[in-house]
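Here is a short report on one structure. Please look over the sequence and the model before reading on.

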Amino acid sequence: MVLGIESSCDETGAGIVSGGRLLAHVVASSMDEHARFGGVVPEIASRAHLQAFNPVVREALGQAGMGLEDIDAVAVTTGPGLSGALQVGLSGAKALAYATGVPLYGVHHLAGHVAADTLEHGPLPDPCVVLIVSGGHTSLLLVRDLVRDPILHLGDTVDDAAGECFDKVARVFGLPYPGGPAIDRAAQGGNPCAVAFPRPLLGSKEHPYAFSFSGLKTAAARWAERRRARGEEIPLADGAASLQEAVADVLTRKALAACRQYEVGTLVVVGGVAANSRVRALAEERCAAAGVELRVPPLTLCTDNGAMIAAVGDLLVRAGAAPAQLDLSVDPSAPLERAMLHPAAQPARVA
């Protein structure tokens, strides 16, 4: 029975997983508190984690019908993410592990997103291509054994991530935060071919699997600003649908190209932007045409949550991985190299 804790950004999550089976999944979000600022405020996020930690853990234990004494291990996100937010989750996880005498595991947040799919579809095929798309990350990976093998990066974003592009363009369009769901809602009924937004880095021979969404963000913002300058109303549905189509087109083209090159028969799409309706639909369409199996977690497991961290912890326990020591710290900018992330606290500098 592995208890997973997630607190890297604005969601406080607790989940319980045993033998690959999801037993509890609870999330408390502070998103509404950040919405009036147009983005996540780190101090507000940290305070929200402090308030939500105990209630979320208690509710997860209640869902699973167990007490703390039934937990065999605790897994917690140790990076990447907001430093203060990560510290809250890690401190709580350390306290639970110490008080109950169970092992503690540090988990890479992005590996959690990959493992989220196993809670719905079972073990990941070896190998598989994984497309991670979220507010802060867009990466194309070749994954073999998630917790035993190094993770091979085929390509990453060189500037803005896909979710960041949605958030920033939504603000220019006058849509609320978070921008991804707002763009998705606004795009319903729009013409995805109405605006010829660019497809960044498509056809790049030097960086075939790299992503860049800064130019697309700028193109969409300038399109809206030009219309406003002429006193014209922005055709919101068409603009949102065209932006969404450009993002989905780039993501799925590169992902399917990687599947072909590496002769991989399964594509796994995870992260918050995997909840986007057009990304999911276009991935389904193109995977079906290419004879590639598509795996996407349910919407509730696409965004940040503790269940995905518990899923990695469960895999680590079953693989016999050594747990962390109590000097476990956080790494807010940790690269994704392995699923287990055990940075040690640095000694204090003496002046």
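## A345

A345 is partly exposed, because its relative accessible area is 43%. Here buried means under 20% relative accessible area, exposed means over 50%, and partly exposed is in between (1.4 Å probe, protein chains only). A345 is placed in the segment after α12 (306–318). Helices (H or I, at least four residues) and strands (E, at least two) are DSSP runs, numbered from the N terminus.

Neighbours within four places in sequence are left aside here; beyond them, A345 is in contact with D327 and S329. Contact means heavy atoms within 4.5 Å. A345 and P176 are 169 residues apart in sequence. In space, A345 and P176 are 39 Å apart, C-alpha to C-alpha.

## About the model

This is a predicted model, in which local features need pLDDT of at least 70, side-chain atom pairs count only at pLDDT 80 or more, and totals for chains, interfaces and linings use all residues. Residues are numbered from 1 along each chain as its sequence is written, and side-chain values use heavy atoms, with hydrogens and water left out.

## Helix α9

Helix α9 covers residues 236–261. Its 26 residues should span 38 Å at 1.5 Å a residue, and its end C-alpha atoms are 38 Å apart, so the two agree. The expected span of a helix is 1.5 Å times one less than its number of residues. Helix α9 is mostly covered, with 19 of its 26 residues buried.

T252 sits in helix α9. T252 counts as buried because its relative accessibility is 3%. With neighbours within four places in sequence left aside, T252 is in contact with V279, L282, A283 and R286.

## α6 against α9

Two packed helices are described by the angle between their axes and the distance between the axes. Helix α6 (residues 162–173) packs with α9 at an angle of about 165 degrees, and their axes are 11 Å apart. Axes are lines fitted to C-alpha atoms, for helices over the stretch in contact, and angles run from 0 to 180 degrees between N-to-C directions. α6 and α9 are therefore roughly antiparallel to each other. Angles under 35 degrees count as roughly parallel, over 145 as roughly antiparallel, 65 to 115 as roughly perpendicular and the rest as oblique.

The crossing of α6 and α9 is right-handed. A crossing is left-handed if the near helix is turned anticlockwise from the far one by less than a right angle, and right-handed if clockwise. On the α6 side, the contact is made by A162, C165, F166, V169 and F173. On the α9 side, it is made by L236, G239, A240, L243, Q244 and V247. The residues of this contact of α6 with α9 divide into nine nonpolar, two polar and no charged. Ala, Val, Leu, Ile, Met, Phe, Trp, Tyr, Cys and Pro count as nonpolar, Asp, Glu, Lys and Arg as charged, and the others, Gly among them, as polar.

## α7 against α9

Helix α7 (residues 179–187) also meets α9. The axes of α7 and α9 come within 7 Å and cross at roughly 120 degrees. That makes α7 oblique to α9. The crossing of α7 and α9 is left-handed.

From α7, the contact is made by I183, D184, A186 and A187. From α9, the contact is made by L236, A237, A240, A241, L243 and Q244. The residues of the contact of α7 with α9 divide into eight nonpolar, one polar and one charged.

## Backbone exceptions

Most residues other than glycine have a negative phi, and most peptide bonds are trans. Which residue after α9 has a positive phi? It is E263, with phi near 55 degrees. E263 lies in the loop between α9 and β9 (266–270). E263 is exposed, because its relative accessible area is 74%. L201 is not a glycine either, yet its phi is positive, about 60 degrees. L201 is in the loop between α7 and α8 (214–229), and at 30% relative accessibility it counts as partly exposed.

The peptide bond from G79 to P80 is cis, with omega near -10 degrees. P80 is in the loop between β4 (73–79) and α3 (83–100). The peptide bond from Y177 to P178 is cis too, with omega near 0 degrees. P178 is found in the loop between α6 and α7.

## Helix α4

Helix α4 (residues 109–116) has eight of its eight residues buried, so it is largely enclosed by the rest of the structure. Among these buried residues are H109, H113 and V114.
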